[in-house]
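Hi,

Here is the model I promised to pass on. Have a look at it first, and my notes follow below.

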Amino acid sequence: MSAPPSPALFELVDAQMRIGARTLLHPLSLTVPAGRVVGLIGHNGSGKSTLLKLLARQHAATGGEIRFEGRPLWEWGTRAFARRVAYLPQSSPATGSMSGRELVALGRYPWHGALGRFTAVDRQKVEEAIALTDTGAFADRLVDTLSGGERQRVWIAMLVAQDAGCLLLDEPTSALDIAHQIETLTLIRSLCRERGTGVIVVLHDVNMAARFCDDIIALHGGRLIARGTPQEIVAPDTLARIYGIAMDVMRQDGGGYVAMPRI
Amino acid sequence: MADTPWARRRARAPSRLGAAALVLGFAAIGLAGTVANLAMLLPGGGWWAAIVRPDAGLPDQLLAAYSFAPRLVVSLLAGAALGLAGAILQQVLRNPIASPTTLGIESGANLALSAALIWMPGLLGFGREWVTLTGGLLTIAVVFLLSRRSGFAPLVVILAGMVAGLYCASLAALLALFESHYLAGLFLWGAGSLSLQGWEEPLFLAPRLGLAGLAAILLLRPLALLGMEDAQTRSLGLSVGMVRLAALLVAVALTAFVVASVGCIGFIGLAAPALARIAGARRIGPWMLASAATGAALLWATDQMVQVAAVISAQMIPTGAVTALFGAPLLLWIIPRLRLPPAAAGSLSVQLGQSVGRPGRRLLLLGGLLLLALTLSSLIGPTATGWSLALPGDPSSAWALRLPRALAALAGGTLLAVAGCVLQRLTRNPMASPEVMGVSAGAAGGLTVAIFLIAETSRLEQMLAASLGAFLALIVLLLAARVSKANPERIILAGIAIGALLDALVSVLMASGDPRAILLFNWMTGSTYGVDASTAGASLLAALVLLALLPLVRRWLGMLPLGEDTARALGVPLGAGRLLLLMIAAVATALATLLVGPLSFVGLVAPHAARLLGLRRPLSELYGAALIGAFILVTADFLGRTIAFPWQMPAGLVASMIGAPAFLWLLSRKQDLA
């Protein structure tokens, strides 16, 4: 395992999540470094979405402690936290009758609040986000009339406008075709490279995770089962432990590794 | 992910024993009540002999034989018929919340009966069951026509049915208002009274219900196949259309006979099949039988309890209203346990035109329109000598009488529209509104309790009581929504249940014959008749203050429709924000309900109308809706004063006459876009 190059973004100490008698996430201790793309993978129900929701403060952990930038999560004010951490839920909700630009502008809420003025800075950040995500073409269309890939990009633009140092994305590619998946993940990766944004992203496809993430965390049954670089994770025996089926790993021409279920 | 905790909770089999015990419990209550009532009636015993061979010289025995016993039989028959009708409707429509009540069949049949009673009593000579049957069939035909485009999506059918039912109830109320000498009797009928003299009713009901029951048995096999997809059914060689039509006819007939005989008895047809299903009756034959048995037990228990209560309180209480009184909480209990097809919600998502336009100009136009309506309404009106112009300054002119009413209507419309907008955005539900969600009914309930408990109520006390009622209704609703994970259909259903509960409470009080009931009735229909200048001024001021406060919450209103997760991720203080918005909605509804009654559909229609005009952003939608709502009610007030001059129709009722069809039109139109 490589040592984190920058100070820790999230630190978990025995964080866990239980609902009733069921444990969604067993006590988990882990450090997530800043400025990197970290992939969360695992089978359905492995606890990856739960973990992301804990980090995003969508749910409170039922035990243990989670710190963000050295401070416990509960200590952060609602808006102060939103200025630092942006979260994209698994299914982007219907937006009623909102135009792309209006949706992106909502990302400025943590900065101006319920009553503050929408300043020139806010406007500039919105335009920047639209330019960066290349969503100018749909900025004045209603979000609900966009295609799945376009809509996802507008949502990511909103997260960019939020100007947070950390993005938490729950399966941002689940509804997209392969070309749009590549496009979205490339965008996320370039955000990390150009702005130093820390990204934690839940991904279904281990090959996508291997290609776009610096670091992969694998969960199984609510426990951490493997963590490492893509190279370390995409290995037959590790994959077998993560997904519970035999996988073959092939080397691509470009130098990457591709995993395929063994049939 | 498939295995979220709530998916698991729903997958867990609902407690069958609980439901079965509940049914047996109702039967036990019925039995105990019967014994208690007989013991009160005939303390000396010898009950059977008294009923079979009453001694004509003993009034107690005559009462037992010609009032108590037929009533018992009718309650069992009517309960079984409604339970069976509900089961058939649910099977035919593949809709677990279909019932004679929720499809508007009962109200439609009742309206037909009222209309015939007043205008064409000769029709009743052919048999009142034909009148109610026609009414019920017409209502269900309208409901189907409206929901056809959605492919009969369960919620669309139910919404169309509930609104059609409310519309019929409003019309019946209007009839009662004009023909007030029939008022008391109609009310008892409309609220489902089982008090009888003689064996005529059981003898009327038994053969007709028997016939319909026989038809149901013949339809059993084809009905079983209807539970599957149409294509599959057709491939099994069944004419889907014919079976469906025949089964619907049987269900409507069962309901119509009951309405013709004893009036509207709410919720039995919904609760009985649901209870039977939860109790574990899976196959159609046993399920229908169990539905009928459960319905009979429910109505039996209710009616016996009502009789016990009547003896204690010395007042006549309509049983039908009481079934709603406990049927509605039952519905609230059932809602989270129902399995609804997941696709239904999608068909209701609002899709709007592309028009972005300039909201400022549209708002200005709407404002001009409102001003024009206000001016016309207060300046001109019919008098005994024809239409006249009343100018301000002339002491004898009607100006001073008309303006306060118009202003009160304006304030009421504004407040309702704002409440509707806030609720729709808060609950992310395009069909939410104070009227549909029972908030108006909550306000009405609060006011009713205040009027009956406090001898002299001041305007302020009335307002407080109404606000409290509205707020309580909203809280109950949101708790129910929390249990059902904010599923829009379940929220609406919970709202309907709360509304029905409070309506039932009000009907029970009104049917009690208390003089205050007439006062309440006038107010319930939304009359602006009694509004004086100071009330109008205060209401207008309240509406203006509300409008001025709205910019403070505009950003929350913009973000809440995106869902809890997104709003929280953006740093919106969810708890405080929701509470504030709820309070705004509750106070606005309460104030409006005091002015224009709980019946109008302005809170539902105005926000949609605003969005149809291309006012999309929270603030322009709110102000646009406020102007539209005000316009509708000012116009309604004007129409109510002039149409039937010298009689006056209440503004709220006239608005619902406009608003309900508008809602139904919206409902059928929206499906095209979905």
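In the hairpin made by strand 4 and strand 5 of chain A, two residues sit between the strands, and E69(A) there has a positive phi near 50 degrees. Before I go on, this is a predicted model: local features need pLDDT of at least 70, side-chain atom pairs count only at pLDDT 80 or more, and totals for chains, interfaces and linings use all residues. Residues are numbered from 1 along each chain as its sequence is written, while chains are lettered from A and ligands numbered from 1 in the order in which they are written.

A word on terms: helices (H or I, at least four residues) and strands (E, at least two) are DSSP runs, numbered from the N terminus. Two strands pair if DSSP finds at least two bridges between them.

Strand 4 (residues 63-68) and strand 5 of chain A run antiparallel and are joined by two bridges. F68(A) has R71(A) in strand 5 of chain A as its bridge partner.

Both strands belong to an open sheet of chain A with four strands in the order 2-1-4-5, paired antiparallel. Strand 2 (22-33) and strand 5 (71-72) of chain A are at the edges with a single partner strand each, so one side of each has no neighbour in the sheet. Helix 1 (residues 48-55) of chain A packs on this sheet and touches strand 1 (8-19), strand 2 and strand 4 of chain A; its direction makes about 120 degrees with that of strand 1 of chain A. Touching, or contact, is for two residues whose C-beta atoms, placed from the backbone, lie within 7 Å. Axes are lines fitted to C-alpha atoms, for helices over the stretch in contact, and angles run from 0 to 180 degrees between N-to-C directions.

- Eight bridges tie strand 1 of chain A to strand 2 of chain A, antiparallel, and M17(A) is opposite L25(A) in strand 2 of chain A.
- Strand 1 and strand 2 of chain A also form a hairpin with two residues between them, where G20(A) in the turn has a positive phi of about 65 degrees.
- Strand 1 of chain A is joined to strand 4 of chain A by five bridges, again antiparallel, with L12(A) opposite I66(A) in strand 4 of chain A.

There is also an open sheet of six strands in chain A, in the order 6-7-8-3-9-10 and with mixed pairing. Its edges are strand 6 (85-88) and strand 10 (223-228) of chain A, each pairing on one side only. From one strand to the next the twist averages 15 degrees. Strand 9 (residues 215-220) of chain A pairs with strand 10 of chain A in the antiparallel sense over five bridges, and I217(A) is opposite R227(A) in strand 10 of chain A. Helix 10 (residues 236-243) of chain A lies across strand 3 (37-42), strand 9 and strand 10 of chain A, at about 155 degrees to strand 10 of chain A.

Taken whole, chain A has 10 helices and 12 strands. Its C-alpha trace spans about 55 × 45 × 35 Å along the principal axes. A compact globule of 263 residues would have a radius of gyration near 18 Å, and chain A agrees with that at 19 Å (taken over C-alpha atoms; the globule rule is 2.2 Å times the number of residues to the power 0.38).

Now the helices of chain B. The axes of helix 9 (residues 200-218) and helix 12 (residues 240-262) of chain B come within 9 Å and cross at roughly 175 degrees. That makes helix 9 of chain B roughly antiparallel to helix 12 of chain B (angles under 35 degrees count as roughly parallel, over 145 as roughly antiparallel, 65 to 115 as roughly perpendicular and the rest as oblique). The residues of this contact divide into 10 nonpolar, one polar and two charged. Here Ala, Val, Leu, Ile, Met, Phe, Trp, Tyr, Cys and Pro count as nonpolar, Asp, Glu, Lys and Arg as charged, and the others, Gly among them, as polar.

Last, the interface: 27 residues of chain B are in contact with 26 residues of chain A. Helix 23 (554-559) and helix 24 (564-569) of chain B each supply at least two residues of the chain B side. By class, that side has 14 nonpolar, seven polar and six charged residues.

Cheers
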